[in-house]
Amino acid sequence: MKTIYTNEVKRAFNTIGMKLALLIGCGLSIWHVVSVIIPQSSQIGYELSVEAIDPLYVPTGLFNNWMGNELYPIQCYIFYLILPLLAVLPFGSSFFEDRKSGYIINVCTRVDKKTYYKAKYLAVFLSGGVAVATPLLLNLIMSSMFLPALLPDNGSNGTISPVTMLYELFFTHPLIYILMFIVIDFLFAGVIATLSLSYTYFTEHKFGVLIVPFVFYFFIYSLTNLINRTEYSLFFMLNGGANNNYLLVYILYFLLFFVLSYIVFMWKGKKQDVKA
């Protein structure tokens, strides 16, 4: 049983899709550092070189300006917009391909079908999470090379306010706050990617399998925008700089995606023959 889990995870991390997702995500991450972070660093150097420095001057810091704490630089906007695509690219279509090629029949003659399904779900979940979390970690590390890791200043910070979830944590232990959001993004990227598994049962087209997580994600964004509640969109909620305090909404979203992915995937898999 352990072998099938290991095999599926290895397959997930050795696909062209994983390489493409990391190339796109890390490309956006590096682009953000070059076009946003480095100019900010140069500006700090210039401001500190001025003879008469304002005693209230606070340099631009790492924790306020890395990619996971902003949405308005174009690189951040694109990253969070295409997050579902980055998550599904590595291994989201693998179940569809296994069914079409007959690979699933070969595997299920040697291991229990339920075990295969669980291993598939885990591999898709992990690959989606890693494809999204890796560019964020890269950006955080690269940004720390150019911007000082100062404690955020309440007066100069424009996104985190007293109503923000774990507001005090951001201003006392900002690195923990940031790592928490990277973990949140990892979990949601993973569960969003697994939507492709359930949808495999309802389509004969690989493109549909790859696009459905993005469609569902964008539908939520459009709906919340339509009712003027964009703060409830995952597009905003997955960014650490979004001013929200909706812990219950995070939990409800995750449970919704989990039900639509794991529960449906396993339930349909139990009912259908592997030859289907």
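User: Is Ser29 buried or exposed?
Analyst: Ser29 counts as buried, at 0% relative accessibility. Buried means under 20% relative accessible area, exposed means over 50%, and partly exposed lies in between, using a 1.4 Å probe and protein chains only. Please note that this is a predicted model, in which local features need pLDDT of at least 70, side-chain atom pairs count only at pLDDT 80 or more, and totals for chains, interfaces and linings use all residues. Residues are numbered from 1 along each chain as its sequence is written, and side-chain values use heavy atoms, with hydrogens and water left out.

User: Where does Ser29 lie, and what does it touch?
Analyst: Ser29 lies in helix α2. Helices (H or I, at least four residues) and strands (E, at least two) are DSSP runs, numbered from the N terminus. Not counting residues up to four places away in sequence, Ser29 touches Met67, Pro135, Leu138 and Asn139; contact means heavy atoms within 4.5 Å.

User: What does the side chain of Ser29 reach?
Analyst: It reaches the backbone oxygen of Pro135, at 3.0 Å. A polar contact is a pair of N or O atoms within 3.5 Å; within protein, one must be able to donate a hydrogen and the other to accept it, and residues adjacent in sequence count only if both atoms are side-chain atoms.

User: Which residues is Gly25 in contact with?
Analyst: Gly25 also has its place in helix α2, which covers residues 16-49. Leaving aside neighbours within four places in sequence, Gly25 is in contact with Phe79, Leu86 and Pro135. Gly25 is buried, with a relative accessible area of 0%. The C-alpha atoms of Gly25 and Gln75 are separated by 9.6 Å, although these residues are 50 apart along the chain.

User: Stepping back, how many helices and strands are in the chain?
Analyst: The chain has 14 helices and zero strands. Its C-alpha trace spans about 75 × 35 × 30 Å along the principal axes. Of the 276 residues, 47% count as buried. Among contacts between residues at least 6 apart in sequence, 78% join residues at least 24 apart.

User: What does UniProt list for "transmembrane region"?
Analyst: The UniProt entry, which is unreviewed, lists residues 20-38, 77-96, 121-142, 175-195, 207-227 and 247-267. UniProt positions are given in the numbering used here, feature names are shortened, and annotations may be inferred rather than shown by experiment. In the model, residues 20-38 are 100% helix, with end C-alpha atoms 26 Å apart. Residues 175-195 are 95% helix, and their end C-alpha atoms are 31 Å apart.

User: Which residues touch the most other members of the largest nonpolar core?
Analyst: They are Tyr80, Phe188 and Phe257, in a core of 70 residues. Helix α8 gives the most to this core, with twelve residues. A nonpolar core is a set of buried Ala, Val, Leu, Ile, Met, Phe, Trp, Tyr and Cys residues joined through side-chain atoms within 4.5 Å.

User: How many aromatic pairs does the structure hold?
Analyst: It holds 25 aromatic pairs. One of them joins Phe79 and Tyr80 edge-to-face, at 5.3 Å centre to centre and with 85° between the planes. Rings of Phe, Tyr and Trp (its six-membered ring) pair if their centres lie within 6.5 Å; planes under 30 degrees apart count as stacked, over 60 as edge-to-face and the rest as tilted. Phe79 and Tyr80 are both buried.

User: What does Ser233 touch?
Analyst: Ser233 touches Ile220, Tyr221, Thr224 and Tyr253, not counting residues up to four places away in sequence. Ser233 lies in the loop between α12 (206-226) and α13 (234-237), and is buried at 0% relative accessible area. A polar atom of the Ser233 side chain lies 3.1 Å from the backbone nitrogen of Phe235.

User: What is the phi of Asn228?
Analyst: Asn228 has a positive phi of about 60°, although it is not a glycine. Most residues other than glycine have a negative phi. Asn228 lies in the loop between α12 and α13 and is exposed, with a relative accessible area of 59%. Leu166 also has a positive phi, of about 55°, but Leu166 is partly exposed, at 39%.
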